[in-house]
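User: I would like to learn how to read a protein structure, one feature at a time. Could we go through this one together?

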Amino acid sequence: MKAVVFKNIGQIALEDVSSPTIKEQKDAIIAITTSAICGTDLHLVRGAVAGMKPGTVLGHEAVGVIKSIGTDVHMFKVGDRVIVPSTIACGRCQYCEQKLYAQCDNSNPHGPHAGTAFYGGPADSGPFQGMQAEQVRVPFADVNLVKIPDNLTDEQVILLSDILPTSYMAVELADVKPSDTVAVFGCGPVGQLAVACLKIKGVKKIFAIDRVVDRLEQAASQGAHPINFEQVDPVKELMALTNNNGPSKVIDAVGVDAEKPSWCTKEESKQFEEEVHNVAPRTNPDGKNWIPGSGPSQALNWAVKSVAKCGTISIIGVYADESRSFLIGDAMNKNLVVRMGNCNHRAYFPQLLEWVLQKKINLVPFISHRVPLSAAVNAYKHFDVREKGWHKVILKVS
Ligand SMILES: NC(=O)c1ccc[n+]([C@@H]2O[C@H](COP(=O)([O-])OP(=O)(O)OC[C@H]3O[C@@H](n4cnc5c(N)ncnc54)[C@H](O)[C@@H]3O)[C@@H](O)[C@H]2O)c1
Ligand SMILES: [Zn+2]
Ligand SMILES: [Zn+2]
């Protein structure tokens, strides 16, 4: 079958790989109809999240049709149309029982302390073959699949596979009330859907920070107040816009590939250079592509500095083990609440599916590009450099 394969840092290719087969009787094999490219994939290819095993199929967002099932799969049958949530859980351990699926004790083959199991990730996340492919093997299929109501198209549900649950969890971690003022750092697809979820939760004052103009415009079109961090210091701007208090809640939807502004001081630049070296010791840029962010902790620093005293920071942008910079002293002295984590995708179904069915949210406008799987590598390159309009790419597989 065809799949997008991680060859090396800065090197991906569409290749023929062997099709998956049932390994355990709780498995299902899905014939993927639509997949997608995520900001997380970019961290992996840039080398900012290290540890990818060459040969791993990339991708953790997909919908498709069940092609075969093991004898221990009881909730689904061959032919069912399904969403495949990005993270893998057993459904039965002490964490899964509390719906904390990203910390499942049993799904990561490296053991209960190895981290979140997900498709198309680094070696220590499984590795499980990913979903930018014609087929995927889904372990514990009864837990890790969600049936698609007949009247919904792939485009209406593909963003439920990862980024809507992720954005929703960011808002949950921030514990927002309608009276909160909320700043969302990062206007990529995750930041955009966080703004959408905040609106649904009744939040009136939302600030969206980025420097990519068309992404800021997209956030503004949803009703957020855009702040371009290249033009203004976002900390000062947020203070000015909140009566010198700072927003009560801040969401980091940027992660480890954060950029520093061109106006940052020489001293800050030097610190960031060291940080980049630590988080991404191996890089392999190709022209403008696959360059790790220039300020790994920049968005987080701004979050800590700008949030109101006793406020909450919700970190949904991805950071890996090598990320070791956090303004712990500032956070302590402001009595902050800091919550974070990988998404417990399964916990947010069926509620988010209900939102789609009830037309509380329409996910289709958040898709900017639809390309065939055969053109995935090229699409990655446009998305990687945040080219104008390249907001969210879905891959048409069959
Ligand atoms: N925790 C989870 O389970 C989970 C799931 C999915 C995605 N994610 C993470 O969410 C993050 C966002 O994903 P995405 O697909 O939207 O990625 P993306 O790369 O498309 O978007 C990131 C945005 O942040 C902006 N940015 C860069 N530096 C910034 C700064 N200093 N301040 C403000 N904005 C800045 C970029 O210009 C870009 O628009 C990534 O880290 C991704 O890995 C986490
Ligand atoms: Zn994703
Ligand atoms: Zn479990």
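User: How do the axes of H5 and H6 cross, and within what distance do they come?

Analyst: First, the ground rules. This is a predicted model, in which local features need pLDDT of at least 70 and side-chain atom pairs count only at pLDDT 80 or more, while totals for chains, interfaces and linings use all residues. Residues are numbered from 1 along each chain as its sequence is written, and chains are lettered from A and ligands numbered from 1 in the order in which they are written. Two packed helices are described by the angle between their axes and the distance between the axes. Here the axes of H5 and H6 cross at roughly 60° and come within 8 Å. That makes H5 oblique to H6. Axes are lines fitted to C-alpha atoms, for helices over the stretch in contact, and angles run from 0 to 180 degrees between N-to-C directions. Angles under 35 degrees count as roughly parallel, over 145 as roughly antiparallel, 65 to 115 as roughly perpendicular and the rest as oblique. Helices (H or I, at least four residues) and strands (E, at least two) are DSSP runs, numbered from the N terminus.

User: Which residues of H5 and H6 make the contact?

Analyst: Two residues are in contact if their C-beta atoms, placed from the backbone, lie within 7 Å. On the H5 side, the residues include Ile 163, Leu 164 and Tyr 168; on the H6 side, they include Pro 189, Leu 193 and Cys 197. By class, this contact of H5 with H6 has 11 nonpolar, two polar and no charged residues. Ala, Val, Leu, Ile, Met, Phe, Trp, Tyr, Cys and Pro count as nonpolar, Asp, Glu, Lys and Arg as charged, and the others, Gly among them, as polar.

User: At what angle do H8 and H10 pack?

Analyst: Helix H8 (residues 234-241) packs against H10 at an angle of about 30°, and their axes are 9 Å apart. H8 and H10 are therefore roughly parallel to each other. In the contact, Pro 234, Val 235 and Leu 238 of H8 meet Trp 302, Lys 305 and Ser 306 of H10. The classes there are four nonpolar, one polar and one charged.

User: How is the protein chain divided into domains?

Analyst: Domain bounds come from an automatic or database domain assignment. The protein chain has domain 1 (2-162 + 344-396) and domain 2 (164-340). Taken over C-alpha atoms, the centres of domain 1 and domain 2 are 25 Å apart. Their contact takes 34 residues from domain 1 and 35 residues from domain 2. On the side of domain 1 that touches domain 2, the largest share, six residues, comes from H1. That side has 15 nonpolar, 11 polar and eight charged residues.

User: How many residues surround ligand 1, and which are the closest?

Analyst: A residue is near a molecule or strand if its C-beta atom, placed from the backbone, lies within 6 Å of it. Ligand 1 is surrounded by 36 residues, the closest being Gly 39, Gly 186, Gly 188, Gly 255 and Cys 343. H1 gives the most to this shell around ligand 1, with four residues. By class, the shell has 17 nonpolar, 13 polar and six charged residues. Domain 1 and domain 2 each give at least three residues to the shell around ligand 1.

User: Which peptide bond ending at Pro 127 is cis?

Analyst: The bond from Gly 126 to Pro 127 is cis, with omega near -15°. Pro 127 is placed in the loop between helix H2 (94-97) and strand S6 (135-138). Another cis peptide bond runs from Phe 349 to Pro 350, with omega near 0°. Pro 350 is found in the loop between strand S13 (337-340) and helix H12 (351-357).
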